[in-house]
Every structure is written in structure tokens, then in C-alpha cells.
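Here's a quick tour of a model for anyone who likes their geometry with cut-offs attached. Have a look at the fold before reading on.

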Amino acid sequence: MITCKAVLFDLDGVLFDTEPLHRRAWIETMSTFGHTIDDEFLMPWTGIPCIDLATHFELTLTPETDRWEYHRAKGVSFRRIVTSSLAAFDSIPALVQKISESLICGYVTSNDRIDAEVMLEVAGFSELLPTGVTYDDVTRHKPHPEPYILG
């Protein structure tokens, strides 16, 4: 029998319904650069790290803008949106609280550290999930097992 000693949670789509917030941030961000995108365009990018989408924009849009400029601007927009709109899925706060009473809990996410920490703080999960692995911590990203192994 395997005894569980810890639980690692994903953030986007597991604890929080953030995909609409990510899409909203991208739509707003790209509009500030003079580009129009919509939910339909963004749907295939669900779960893909933001820097990958920023790289796509850098390589395909005119005028050319550095991927890191897109990425930074999207992060600012996302954190602003999260501050006012983030909510955990129903029953998740109580479930995470219950699990954290008997097991070590943490998180693994494709978000960068600053976005993850803002989400956890806004939702009141910072103390329940005190440690995590973010995009910044690994060279091979999800779905590769490296983030989970490090977690």
C-alpha cells in the first residue's frame, strides 16, 4: 500500500477558473499593442505557457515587438484582473484546508512565480500552499515530469 505524504495542486483549471482571466488579459494586452484577438483565437493556447504565446506574437505580428514586452504587459494585466476577479472553484477552499491539516501541500504551475503568488494571496491560499514550483523553477515545463519531481 502506498502512503501519501504530500499533495501537489495545479492552479489553473484545478483550484481556480483562471483560463477566462488569462484570455481577458491577453485580449486587453494585445489591444494596447494595436492587435485584435479573441477567445476563439486563444482557446488552442489554453494551458500553454504565456511566454510561448508571446513568442508566437513576436514572430508573426507586425510591427515586431519583443516577446518579453508582450509577456510583461500581459502579466501586469493578468495580476490586475486576478486582484478583482479571482475565485476558487466551489468547495476547493474547504478541501485544501482539510487536506493541509494532515498532509504537506504545495503547488505546481506553468505560471511564473509572481502570478502564482498573487493568485494564492488573493484566494487566501498562501499559508495552505506555502511552497510551489513555477515556470521559473525548471527548464522542462509541464507536461514534462520535471516540475512534479522538483515539487
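## Ground rules

This is a predicted model, so to speak of local features takes pLDDT of at least 70, side-chain atom pairs count only at pLDDT 80 or more, and totals for chains, interfaces and linings use all residues. Numbering starts from 1 along each chain as its sequence is written, and side-chain values use heavy atoms, with hydrogens and water left out.

## Helix α3 against helix α4

Let's start with α3 (residues 50-60) and α4 (residues 67-85), whose axes are 8 Å apart and pack at an angle of about 130°. Helices here are DSSP runs (H or I, at least four residues), strands likewise (E, at least two), numbered from the N terminus. Axes are lines fitted to C-alpha atoms, for helices over the stretch in contact, with angles running from 0 to 180 degrees between N-to-C directions. The two helices are therefore oblique to each other; that label covers whatever is left once angles under 35 degrees are called roughly parallel, over 145 roughly antiparallel and 65 to 115 roughly perpendicular.

On the α3 side the contact (heavy atoms within 4.5 Å) uses C50, I51, A54, T55, F57 and E58, and on the α4 side R67, W68, Y70, H71 and K74. By type, the residues of this contact split into six nonpolar, two polar and three charged. For that count, Ala, Val, Leu, Ile, Met, Phe, Trp, Tyr, Cys and Pro are nonpolar, Asp, Glu, Lys and Arg are charged, and the others, Gly among them, are polar.

Within α3, the buried residues are C50, I51, L53, A54, T55, F57 and E58, where buried means under 20% relative accessible area, exposed over 50% and partly exposed in between (1.4 Å probe, protein chains only). These buried residues pack against α1, α2 (39-42) and α4.

## Helix α1 against helix α4

α4 also packs with α1: their axes come within 8 Å and cross at roughly 130°. α1 and α4 are therefore oblique to each other, and their crossing is right-handed. From α1, the residues L21, H22, R24, A25, W26, E28, T29 and M30 meet Y70, A73, K74, S77, F78, R80, I81, V82 and S85 of α4. This contact divides into nine nonpolar, four polar and four charged residues.

## Aromatic pairs

How many aromatic pairs does the structure hold? There are five, a pair being rings of Phe, Tyr and Trp (its six-membered ring) with centres within 6.5 Å; planes under 30 degrees apart count as stacked, over 60 as edge-to-face and the rest as tilted. W26 and F57 have ring centres 5.4 Å apart and planes at 65°, so they are edge-to-face. W26 sits in helix α1 (residues 19-32) and F57 in helix α3, 31 residues apart, so to say the pair links distant parts of the chain. Both W26 and F57 are buried.

F57 also pairs with Y70: the centres are 5.9 Å apart and the planes at 70°, so this pair is edge-to-face. It joins helix α3 to helix α4 across 13 residues, and F57 and Y70 are both buried. Ring pairs link W26, F33, F41, F57 and Y70 into a cluster.

A25, in helix α1, is buried, with a relative accessible area of 0%. Leaving aside neighbours within four places in sequence, A25 is in contact with K74, S77, F78 and I81. A25 and I81 are 56 residues apart in sequence, and their C-alpha atoms are 7.2 Å apart in space.

D115 is in helix α6 (residues 113-123) and counts as buried at 4% relative accessibility. Not counting residues up to four places away in sequence, D115 touches G75, F78 and R79.

Most residues other than glycine have a negative phi, and most peptide bonds are trans. The bond from T62 to P63 is cis, with omega near 0°, and P63 is in the loop between α3 and α4. The bond from K142 to P143 is also cis, with omega near 15°; P143 is in the loop between β3 (131-133) and α7 (146-150).

S91 is not a glycine, yet its phi is positive, near 75°. S91 is in the loop between α4 and α5 (92-100) and counts as exposed at 60% relative accessibility.

Technical notes:
Left-handed = near helix turned anticlockwise from the far one by under 90°.
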